[in-house]
Amino acid sequence: MQLTRGARFRKLTAGWWNWLPLIPFLVITIGVMVLPLAFMLEGSFQSKEGFFTFDNYLQMTAPVYTQSFRNSILLSGITAILGTILGTAVGYFVHQLRSSRVRELVVTLCDVTSNFSGAPLAFAFIVILGSNGVLTLALSHYFGWKIYPTFSIYSFWGLVLAYTYFQLPLMVLLVLPAVAGLKQEWREAALSLGADARSYWRYIGLPILAPAILANLLLLFANAFGAYATAYTLTGSRFNLVTLQLGSLLTGEVLRDPGAGDAMGILTLFLMGATILLYQLAARRARRWRQ
Amino acid sequence: MKQRNVLGRMSIILFLVYMFLPILATYVFSIAIRWDRSILPEGLTFEWYQTAFQDRWFLIVFRHSITISAITVLVSTLLIVPTAYWVHLRLPRALPLLNLITTLPFAIPAVVLALGLIKLYGQGPLQLARTPPMLVLAYVIFTLPFMYRPVASSLEAIDIRRLTEAAQSLGASWPRTMLQVIFPNIMPGILSGGLLVFATIFGEFTLATLLVGARYKTFPMQLVYYTRRDGRIASAYSVISFTVAWATSLIILWITTWGTRRTSGSRSAGERLGQQAPVGGKV
């Protein structure tokens, strides 16, 4: 039905008072989320004297900043890929389990362990893999394999191990619905048409799972990129990650340069925002198979 | 086929070992006299718990964490449940906006949020950004998705329009409709959202340390302090932290299973969990 301009306007504004109950919610989200980030954006384009400048962003090309972004991207990328590959495999095998009780148990465990993160998790890894850790001692005692000093829980690969711990169960939880969406009939149809298991996966299974896997990979990346507590507990601020840099800027451990901090924060937001956006697109595509 | 079974079983077992080993080791470490120079612990003791409990800081930080978590859950519930209900009932036009706002926190790392808050509210003699009330507000934002998602899916599972009309045609006022009709019907969503928020904040370190820091020490801050000072006390703190996380997760799981059984018994556990998987920024 065609509406006249006046009618359309009236329809749009009709019941504007219906927006009133949203005011408390909007005030808090704007005041605590939108405004601080907007001020940060403004600050990132401001020099110390308050003039407009690109210097803060140009400063990001300094080795200390490029290194922190490289380290953060590498750490998040590697643990997201590890989590995705291992998590998809475990998720698939869990789905195949015949006993639904064991299946529910593993799902419960994943749900609980994906909640374990931050300081207690970091400490648990110090207990097993610190220089006098339980596993460190057992490996050297039973296998004569001294993992220190080649490996250290306080180093990059130590962080990879600790991050994978919270990425893996999350991936299992995320991938299970997608795996459950693979219909048994598709597999039977493929096999009856002469496909072997490998070509079933190559031409049917994986292409169907691909959008879901990609979506979850992106989510895992964002999950690791924003992480702070685990890395802080393990390495203090010694290791150069974006979040640790920002943190030490806030606590005043490094020379105060608010402009650079703002630029770094905005770049982080941009990266995270783009990742989450791509995730949404991939997830929308993945849902098509689950109707 | 047989070979595949073995492979599957092996990987599940390896996965379970990886998941259990750090937790189990921490539990044993916390009751071991010493476990840093021998394969097995040198005897068992509760001394580290006693030392931890006797420290006057223990009660303080525990109380601080419980207080902050409980107040956040309360504020978050009062803010989000009526908003979500109203938008679902009267303002479906605003649903995309609400979905966008409640997804945004996924993309905002805690460190960046802290930076922005201190930039905007950190100046002046009041230093609003560095006070516990600001921490609560930051937590409300930080946990928006955890609270909103379960509440929204509960709202979608029941016919709120009919319930509201029925209540009001029988003469119930708005507050009464909310409290006596809508709240009880979406209780599973509110409870699981609230518990998830509680557990998340009880273990949250980043915002707490960067915003208020030593002015209002929380449990995780004290835990991090002890990881650098005394590993045995840190292990007692870790165990308590793990136990709170275990307990809340299991209660949430119990509630969602119970809630889904009552409303729509058809979805599988995996699907349910996959949708409510706590994601993002809690680490």
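Two residues are in contact if their C-beta atoms, placed from the backbone, lie within 7 Å. The tour below applies that criterion to a predicted model.

**Chain B as a whole**

Begin by selecting chain B. Among its contacts between residues at least 6 apart in sequence, 74% join residues at least 24 apart. Colouring chain B by burial then picks out the buried residues, which make up 48% of its 283 residues.

**A helix pair within chain B**

Select residues 144-157 of chain B, helix α7, together with residues 187-202 of chain B, helix α10. The axes of these two helices come within 8 Å and cross at roughly 170°. Angles over 145 degrees count as roughly antiparallel, and α7(B) is therefore roughly antiparallel to α10(B).

Now show the side chains at this contact. On the α7(B) side they are F146(B), M147(B), P150(B), V151(B), S153(B) and S154(B). Facing them from α10(B) are P188(B), G189(B), I190(B), S192(B), G193(B), L196(B), V197(B) and T200(B). By class, the residues of this contact comprise eight nonpolar, six polar and no charged.

**The two domains of chain A**

Move to chain A and select residues 21-53, assigned as domain 1, and then residues 63-290, assigned as domain 2. The C-alpha centres of domain 1 and domain 2 of chain A are 31 Å apart. Eight residues from domain 1 of chain A and seven residues from domain 2 of chain A form the contact between them. On the domain 1 side, that contact has three nonpolar, four polar and one charged residues.

**Between chains A and B**

Display both chains together. Here 77 residues of chain A are in contact with 73 residues of chain B. Helix α2 of chain A, residues 23-44, supplies the largest share of the chain A side, with 12 residues. That side of chain A has 52 nonpolar, 23 polar and two charged residues.

**Helix α2(A) against helix α6(B)**

Finally, show I28(A), T29(A), V32(A) and M33(A) of α2(A), which meet L137(B), A138(B), V140(B) and I141(B) of α6(B). This contact has seven nonpolar, one polar and no charged residues.

Note on methods:
Residues numbered from 1 in each chain as written. Chains lettered and ligands numbered in written order. Predicted model: local features only at pLDDT ≥ 70, side-chain atom pairs only at ≥ 80, totals over all residues. Helix = DSSP H or I, 4+ residues; strand = E, 2+ residues; numbered from the N terminus. Nonpolar A, V, L, I, M, F, W, Y, C, P; charged D, E, K, R; others polar. Buried ≥ 20, exposed ≤ 12 C-beta atoms within 10 Å, placed from the backbone. Axes fitted to C-alpha atoms, helices over the stretch in contact; angles between N-to-C directions. Parallel < 35°, antiparallel > 145°, perpendicular 65-115°, else oblique. Domains from an automatic or database assignment.
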